[in-house]
Amino acid sequence: MDIKAAVSRDVGEELKIEEVELMEPDADEVLIKIVATGVCHTDAESINGRGAPFPAVLGHEGAGIIEKVGSGVTNVQPGDHVVLSYSYCGECSQCLTGHQNLCKRTVELNFGGKSKDGENRIHQHNHSLSTFFGQSSFATYSVANKNNIVKVDKDVDLALLGPLGCGIQTGSGTVMNSLRPEPGTSIVIYGGGAVGLSAVMAAKIMGLKHIIVVDLHQSRLDLAKELGATHALNGKEVDVVKEIKEITNGGSHYGVETTGATPVIKQSIAALRVSGKVAIVGMGGDVTLNFTNDILMEGKSIIGTVQGDSVPQLHIPKLVQYYKEGKFPFDKLIKFYDFEDINQAFEDSKTGITIKPIVKIAK
C-alpha cells in the first residue's frame with residue numbers, strides 16, 4: 001500500500017515527507033494506522049548517523065489503531081488501540097527469562113533496518129528503506145511484529161501515549177524495575193528531560209523521602225518540583241555533590257544519570273553514600289575512574305539500564321493506569337506538532353524548548 005513517511009536520507013539532512021510503499025503484514029505482524037509518534041533523542045542520534053542505515057524511516061514511539069492482523073496474531077484485533085515499543089525476538093535466553101530489553105538480537109532488530117525475518121517492509125522506486133525499532137512510526141501506517149505492540153485502554157487520548165514506548169518507559173522503569181528504591185530513601189536524577197522527569201514521577205509514586213533533580217535549565221527544575229521533586233539543583237550555580245550530601249546526610253541511596261555527560265556521570269557516583277547505586281541510562285563517552293577510591297572502598301554500584309528493564313506489555317499499561325489515577329501526569333511534558341512540522345519538533349527538542357515533542361500523524 002502507498003503511504004506517506006518522513007524519510008531520512010543522509011547524515012544531518014532534514015526529514016522529507018514522501019510517498020513510499022509499505023508491504024502487507026506477515027503472519028506474526030500487524031498493520032497499524034499511526035495516530036501520533038513521539039520524537040526521541042535516539043531518533044536525533046540516528047539522523048546523525050548512529051542508527052539504521054540510510055535511507056530510513058525513523059520513529060520509535062508510535063501510537064495507533066490496529067487495521068489488520070496476521071494469521072498468527074492473537075493478542076490484538078482490528079480497532080484496538082496500541083502503543084509501539086522496542087523490538088525483540090521473544091526466543092533467546094534473555095527474552096525467555098523476562099529480559100526482553102537485553103534480547104540477544106537487540107541491535108539487529110532495532111537498528112539493523114530490516115524486519116525480524118530479515119526482509120524490508122518499506123520500499124520506494126524499487127529500492128528498500130530501512131525500518132527503525134521494528135516500527136518506523138514517522139509514517140501514516142506501520143507494519144510491526146506482534147512483540148512490538150502493547151494494547152492500551154481506549155478511554156485515554158491515544159495521541160498522548162506514544163512516548164510511553166521508549167523515553168518515558170526508560171525513566172520510570174529505571175526507578176521501578178532496575179533500582180527499586182525502598183520508601184523513605186533518597187534518589188538523585190541527573191537531567192530534567194523526558195527520561196529524567198519520568199524518573200521523578202516514578203520516585204514520587206514509590207514514596208521516596210528525597211527526590212533531587214539536577215539540571216542547568218531553571219524551567220525544567222521548576223517543572224521537576226511540580227512533578228514531585230523535593231529539591232532542584234542548578235548545576236551552574238551550586239556545588240552539586242556538596243549540596244546532595246548535605247540534603248541526604250551523607251549522600252544519596254540511588255541515582256539516575258540521563259545526560260551521558262562525563263562530568264555528570266562522575267558527579268552521580270561521587271554523590272552516592274556508602275553502598276549507593278546509580279543507573280546510567282544516557283549515551284555518553286569514556287569515563288575515567290579511580291576504581292579503588294570511587295567504587296571499591298565504599299561498595300558503590302554502577303549499572304547500565306536499557307529501556308528501564310521494562311517488559312513493555314506489563315509496564316506500559318501500569319503507567320497508563322497511574323496516569324488515569326492522576327499519579328503520573330506525563331502529559332505536562334508534551335507539546336504537539338503537525339506531521340508537516342516534524343523538523344521543527346526535532347529542533348525544539350534539541351534546543352530544549354520542548355521536553356517531549358509528539359508529532360500528530362492522523363488528521
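Me: What is the bridge partner of Asp 215 in β13?
Reply: The partner is Asn 234. This is a predicted model, where local features need pLDDT of at least 70, side-chain atom pairs count only at pLDDT 80 or more, and totals for chains, interfaces and linings use all residues. Residues are numbered from 1 along each chain as its sequence is written, and side-chain values use heavy atoms, with hydrogens and water left out.

Me: Over how many bridges do β12 and β13 pair?
Reply: Strand β12, residues 210–215, pairs with β13 over four bridges, in the parallel sense. Two strands count as paired if DSSP finds at least two bridges between them. Strands (E, at least two residues) and helices (H or I, at least four) are DSSP runs, numbered from the N terminus.

Me: Which strands form the open sheet, and in what order?
Reply: Six strands form it, in the order β13-β12-β11-β14-β15-β16, with parallel pairing. β13 (231–234) and β16 (301–304) are at the edges with a single partner strand each, so one side of each has no neighbour in the sheet. From one strand to the next, the twist averages 20°.

Me: Which strands does α4 lie across?
Reply: Helix α4, residues 167–179, lies across β11 (186–190), β14 (252–257), β15 (272–280) and β16. Its direction is at about 135° to β14. Axes here are lines fitted to C-alpha atoms, for helices over the stretch in contact (heavy atoms within 4.5 Å), and angles run from 0 to 180 degrees between N-to-C directions.

Me: Switching to α11. Which of its residues are buried?
Reply: In helix α11 (residues 342–351), the buried ones are Ile 342, Ala 345, Phe 346 and Asp 348. Buried means under 20% relative accessible area, exposed over 50%, and partly exposed in between, with a 1.4 Å probe and protein chains only. Seen down the axis of α11, the buried residues fall within an arc of 165°, so they line one face of the helix. That arc is taken over the directions from the helix axis to the C-beta atoms.

Me: And what covers them?
Reply: The cover includes β1 (2–8), α1 (41–47), β17 (334–338) and β18 (356–360).

Me: What follows α11?
Reply: Gly 352 does, and its phi is positive, near 90°.

Me: How many helices and strands does the protein have?
Reply: The protein has eleven helices and 18 strands.

Me: How much of the protein is buried?
Reply: Buried residues make up 55% of the 363 residues.

Me: What box do the C-alpha atoms fill?
Reply: Roughly 60 × 40 × 40 Å, taken along the principal axes.
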